[in-house]
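Have the structure open while you read.

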There are 2 protein chains.
Amino acid sequence: MKSERFLRACKRQQVDCTPVWLMRQAGRYMEEYMEIRRKYDFLTMCKTPEIAAEVTLQPINKLGVDAAILFADILLPLEGMGIDLEFAKNEGPVIHNPIRSAADVDKLRVIEAEEDVPYVLEAIRILRRELNGRVPLIGFSGAPFTLASYMIEGGGSRNYVECKRLMWQAPDVWNRLMEKLTDVVIEYLRGQIRAGAQAVQVFDSWVGALGPSDYKRYVLPPSRRIMDSLKNEGVPVIHFANNASGMLELVREAGGDVIGVDWRVDLDTAWERIGHDFAIQGNLDPITLFAPPQVIEERVKDILQKAGNRPGHIFNLGHGLHKETPVDHVIALVEAVHKYSHRPSATGAAS
Amino acid sequence: MKSERFLRACKRQQVDCTPVWLMRQAGRYMEEYMEIRRKYDFLTMCKTPEIAAEVTLQPINKLGVDAAILFADILLPLEGMGIDLEFAKNEGPVIHNPIRSAADVDKLRVIEAEEDVPYVLEAIRILRRELNGRVPLIGFSGAPFTLASYMIEGGGSRNYVECKRLMWQAPDVWNRLMEKLTDVVIEYLRGQIRAGAQAVQVFDSWVGALGPSDYKRYVLPPSRRIMDSLKNEGVPVIHFANNASGMLELVREAGGDVIGVDWRVDLDTAWERIGHDFAIQGNLDPITLFAPPQVIEERVKDILQKAGNRPGHIFNLGHGLHKETPVDHVIALVEAVHKYSHRPSATGAAS
């Protein structure tokens, strides 16, 4: 059943216990990762399928999570669009040719997955072989707003001044940029699915910078187009909108099979607002993993209790794992989720 | 009526038009401010009553806002507690002796306003004379959680790892720290009120780092004690909880006469959830001020329409003014609020 838990929960089918995986489960908190990271820079790791695959597998072996998520960066498909991307030491991503005008947008290419991100597809093929059905493999992409925010700001941002300024000052340019990014995200995810991804997650990591009116006008339509376009691909789509507690109803409208929520809202309230016709993913505060194991356990129980016995809950953090997280606490978390959600009576019950 | 608008709206009484003031309305976006700032460092400005008063008055004369808010920093009362505070160039506040243990907490003093922040009280006295009834003067304090987060982290933070770790690992130490901070906030605000502040705002700027369960257990009780203690002081209390869209019901429970909300939730939804027995303050995205004036106007109309004709709305931003905001856009904002909320039929109508 372990191999099926995650995909069954995405479809809101009965499971033997709540599946769990963790955003950024492959990463710097793990010694195995750091061993490789010391030898290669971050982009080289992403672009070498064997390394990306190996790093993806590390948490599967170590943590006992119920799904693998491809090791990659959300900005990878931007290079094929014509974006000059660098990961500067300790600074995060830097984009040397930020997008600020209609001419900048016109120059952007829509990628073709096989041609522009072959290494991502190859990593997926390797992983499907290596995983050999043990757990499913999740592919992913950034959402158009989040990708646009990096492209316009030239990197990470605190206030998104340039991004919002473009959106409000030149809505036509904004819309064309979102149009292209939407095409890219669809092509990128379809490529991943063709290569073998068994589910995909769309990360709208920074959409919480917007209020509901702006989300509705400038972000919801392109996000919905992505969700609609992926409906017939036969794999569940997880839509994670970070820091969007004030507008979960709009995220629901944008769609997806599973809605991922952060920790700033109670899971029961969030699910109620999103609707029980969606599966839900979340939502432990990632910093809880710095707390003593009994606190972690208590919080796990609290979230499981809020999810109730309704099928369709995938346990996850409310945001990515922090790089200094103690790895034994992560192992304890996964164990606690399985232990406290075990439903012996449900074993074998099909929905 | 201009002089009364703000206080009447705090009490949910009829007004001739919606009062507006702006968080961080005195600041670096204004040339008059920069002229003084070039001569003095930030802490000197805060601690010299004549300068603090002058800077407080700048936006009153320039913008036409309906309330003045004392120019000060939320960390000022911490010095009297024994905190070694510095405003490092371009880095924001640095605390050289962060609080991490029971012994650290035990050493902290509870301040006495007249003794430890006499310059704040003196600035208030000067301001009441200078304002001479033109608009009311708002005093303010950080909320215990927000103050604690700076004290524990040693400055601003992105993930609040140390703060949350202390909260979860040593809840007794946390509670003692919150107890002392609560006493400090109450004494500080009572001192401001005695000196002449006609309303006070409690800023819980970083409480959005917490999920609802933690807020309820570790933050709500001390915040409520502050609101309860100020009930008999005869001035309205504004409780601003930033990034708390997921738990407005709990912020309501903590109390205050006016609840301030950020821009990540629609004002009508927020007011509904908080309850119409509270006044509400907000909630324009501060970055909107970088947009063209017609966009600002449209957003003002949208927020006013969401507030409806119900008394008790104070227009404000959803967070502080950004330092690079064009000042003429700020002036246009204030004008638009007054223009589009003008209620000729309500003039003279008392509630």
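Helix 8 (residues 118-131) of chain B and helix 11 (residues 171-195) of chain B have axes that come within 8 Å and cross at roughly 30°. That makes the pair roughly parallel (angles under 35 degrees count as such). This is a predicted model, where local features need pLDDT of at least 70, side-chain atom pairs count only at pLDDT 80 or more, and totals for chains, interfaces and linings use all residues. Residues are numbered from 1 along each chain as its sequence is written, with chains lettered from A and ligands numbered from 1 in the order in which they are written.

Helices here are DSSP runs (H or I, at least four residues), numbered from the N terminus. Axes are lines fitted to C-alpha atoms over the stretch in contact, with angles from 0 to 180 degrees between N-to-C directions.

Now bring in helix 4 (residues 49-63) of chain B, which packs against helix 8 of chain B.

| Pair in chain B | Angle | Axis distance |
|---|---|---|
| Helix 8 and helix 11 | roughly 30° | within 8 Å |
| Helix 4 and helix 8 | about 50° | 8 Å |

Contact means C-beta atoms, placed from the backbone, within 7 Å.

Finally, the contact between the chains takes 25 residues from chain A and 25 residues from chain B. On the chain A side, helix 10 of chain A gives the largest share, five residues.

How values were computed:
Two residues are in contact if their C-beta atoms, placed from the backbone, lie within 7 Å. Helices (H or I, at least four residues) and strands (E, at least two) are DSSP runs, numbered from the N terminus. Angles under 35 degrees count as roughly parallel, over 145 as roughly antiparallel, 65 to 115 as roughly perpendicular and the rest as oblique.
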